[in-house]
Amino acid sequence: MSVRSHLEEAAALLDDAARSQRGIEQFAPGHFTLDEAYLVQRALIRRRIERGERPKGIKLGFTSRAKMIQMGVDSLIWGLLTDAMIEEDGGAVDLGRYIHPRVEPEVCFLTRKAIDGPLTALEAADCIEAVAPAVEIIDSRYREFRFSLEDVVADNCSSAGLVVGMWSRKLDGLGNAGVRLQFDGRDVQVGSTGAILGHPLRSIVQASKLLHGAQMALPAGSLIMAGAATAAEALPAGVHVRCQVGSGAASLGCVEFHATKELP
């Protein structure tokens, strides 16, 4: 089997797992390199686009320094977003679309100009149109939510869904804004946006470098999910999920949804 066929086969397995909501076994160690894992990711997203989905932006992972050390890496991982992943703020999210979903509190940026090269911190802020509170629904296509670094990259960094709140221009208070993730009004994760590389805007700088390294550009009007501010929380059906970012005058507001599951 050629290398290309080998990678396309991996993409097909992951794509089928997501569409059937059935987890698969992890790939054998050394099945593909990290560079090849990103090629699997591209092939996976290409299959979705061929079915009619539209590119919407990117998501970042391992934005926590502790997570980088834990995984033995010195840079972020990243995945691609499509319009089919976007869920409605305040709406109902059908967990029947997922295998074993978890939710993470984040912030999401909206770009106002194309990102087509490495950016400095000052340039990154100039590329942003707005910011919003957000939650990401992650859902590994591997059984028991277990995977290697190469596995998770190939699986589009576990990206599955996202809910984005109201946009604002409140960029000044992002460095250390409090974050509360609640289920039915009860705190399940509490943290700070400072956990996202020390400041979420640094994710834009890192995203620009990753895009440049992959010889890709991000058009104006794209979403950038900056990375999780806390650990992920397993998402059961029947709960109301709410994420609050910041407080007082500097508050970004909240994003929320009801987790449901359609009966077969």
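**View 1. Q244 and its partner in β13.** The bridge partner of Q244 in β13 is C254. This is a predicted model, in which local features need pLDDT of at least 70 and side-chain atom pairs count only at pLDDT 80 or more, while totals for chains, interfaces and linings use all residues. Residues are numbered from 1 along each chain as its sequence is written, and side-chain values use heavy atoms, with hydrogens and water left out.

**View 2. The pairing of β12 with β13.** Strand β12 (residues 240-245) runs antiparallel to strand β13 (residues 253-260), and the two are joined over 6 bridges. Strands are DSSP runs (E, at least two residues), as are helices (H or I, at least four), and both are numbered from the N terminus; two strands pair if DSSP finds at least two bridges between them. H240 stands opposite H258 in β13.

View 3. β4 pairs with β13 in the parallel sense over 3 bridges, and V93 has A259 in β13 as its bridge partner.

View 4. S222 lies in the loop between α6 (201-213) and β10 (223-225). Leaving aside neighbours within four places in sequence, S222 is in contact (heavy atoms within 4.5 Å) with K56, G57, F109, L110 and T111.
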